[in-house]
Amino acid sequence: MQPLLEAGERMEEGLPEPSVSLCDRISSLKSRAWEAYKTKPISHWILLVLSSAAMLIAFPASSILSRVYYANGGTSKWIISWVAVAGWPLTALILLPTYFFFKTFPTPLDLKLTVAYIVLGFLSAADNLMYAYAYAYLPASTASLLAASSLVFSTLFGYVLAKNKLNAAMINAIVIIIAAMTIIALDSDSDRYDNITDKQYIMGYVWDILGSALHGLIFALSELVFVKLLGRRSFHVVLEQQVMVSLFAFVFTTIGIIVNNDFRGMKSEAKTFQGGTTAYCLVLIWSAITFQLGVLGATAVLYLASTVLAGVLNAIRVPLTSIAAVILLHDPMSGFKILSLIITFWGFGSYIYGNSSGTKGSS
């Protein structure tokens, strides 16, 4: 009773409440984490850890392998964009057991849903092609930092198309990430490869930004499909969409490769590839596997946790890719690029804070 009286006296006298110590805050976080842990079975947390690891390892590995392809003699943009969706059967193999596990049936395909998947597949194929141009002309660390701008576009398209809410923290994040992209553009001379011309570097920069914009649009349209056409967001439904979109993207990209005669060029490209045909095949195979594992990890994180955690992991993925590119590929890392990396990470943090605040306000 005495502490309540003291608190009342402080309020009447206009005195500030005593500050909470750091130890108390850590203790409170531990208590809440333990309570959250007890609400789910151990299998849930094991799957969440594995899914998070897939995001943090597979996506950077896929980006690094794309750059390795071009650095060792690969030239085709269509092949790299094709590889990004060639692993779609892996997702299908994981989808099939979920019908038995969850005792559900495949979602019926009507005309509207089929058209939606075809459109998303076409846009995904175009998006992969744009990113292929980016990795052909830019260091992997630079391309990864620029791709972080997809958060800006997904937020804006989500606001326009899906009527998602915006707050000051999210707007702040958009401005910060745009500033980071501008810093990279101003520092283009420090990280351009010797065999890349000014025009090619600019093309890579532009295609990366356009690919990020298209990625944001795809994200918003996918959300609309869940809300308007599917009316639900369960794990197997998310996997179904991923399989169908990747399948149609695979079809469109395969048509592009056939028209461009790139399948015929793969044999001669493999012979001149640094490391030989075996290295060439391994790069393409692991590119396909890692990209699909990253997609599966992101899908599982969204379902098992939240978009906020997916945003946190996506924020961590950007510096991981850049650091890995510097260590493994010896990418140039100037002071301006380091500054851009820090600012980008700050922007992600601001977005995550704004997103979590909006969630709390709406709950």
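Asn261 sits in the loop that joins helix 11 (235–259) to helix 12 (262–272), where helices are DSSP runs of H or I with at least four residues, and strands are runs of E with at least two, numbered from the N terminus. The structure is a predicted model, in which local features need pLDDT of at least 70 and side-chain atom pairs count only at pLDDT 80 or more, while totals for chains, interfaces and linings use all residues. Residues are numbered from 1 along each chain as its sequence is written, and side-chain values use heavy atoms, with hydrogens and water left out.

**The chain as a whole**

- The protein chain contains 15 helices and zero strands.
- Of its 363 residues, 46% are buried (buried means under 20% relative accessible area, exposed over 50%, and partly exposed in between, with a 1.4 Å probe and protein chains only).
- Among the contacts in the protein chain with a separation of 6 or more, 84% are between residues 24 or more positions apart (contact means heavy atoms within 4.5 Å).

**Helix 10 and its end**

- Helix 10 covers residues 198–230, a run of 33 residues.
- From the first C-alpha of helix 10 to its last, the reach is 46 Å, close to the 48 Å expected (1.5 Å times one less than the number of residues).
- Gly231, which comes just after helix 10, adopts a positive phi of about 70 degrees.

**Nonpolar cores**

- The largest nonpolar core has 49 residues (a core is a set of buried Ala, Val, Leu, Ile, Met, Phe, Trp, Tyr and Cys residues joined through side-chain atoms within 4.5 Å).
- The residues with the most contacts inside this core are Tyr69, Tyr70, Ile79, Tyr280 and Leu284.
- Helix 9 (residues 168–186) gives the most to this core, contributing nine residues.
- Apart from this core lies another, of 17 residues, which includes Leu48, Phe235, Leu239 and Ala310.
- When its neighbours within four places in sequence are set aside, Tyr70 is in contact with Thr75, Ser76, Lys77, Ile80, Ala132, Tyr135 and Ala136.

**A buried serine and a partly exposed isoleucine**

- Ser340 belongs to helix 15 (residues 335–362).
- Ser340 is classed as buried because its relative accessible area is 0%.
- Not counting residues up to four places away in sequence, Ser340 touches Leu145, Ala180, Ile183 and Ile184.
- Ile46 is located in helix 3 (residues 42–71), and Ile46 is classed as partly exposed because its relative accessible area is 48%.

- Asn261 has a positive phi of about 60 degrees although it is not a glycine.
- With a relative accessible area of 44%, Asn261 is partly exposed.
- His330, in the loop between helix 14 (307–328) and helix 15, likewise is not a glycine and has a positive phi of about 55 degrees.
- His330 counts as exposed because its relative accessibility is 66%.

- Lys271 is part of helix 12, and Lys271 counts as exposed because its relative accessibility is 61%.
- Although 198 residues separate Lys271 from Gly73 in sequence, their C-alpha atoms are 9.7 Å apart in space.
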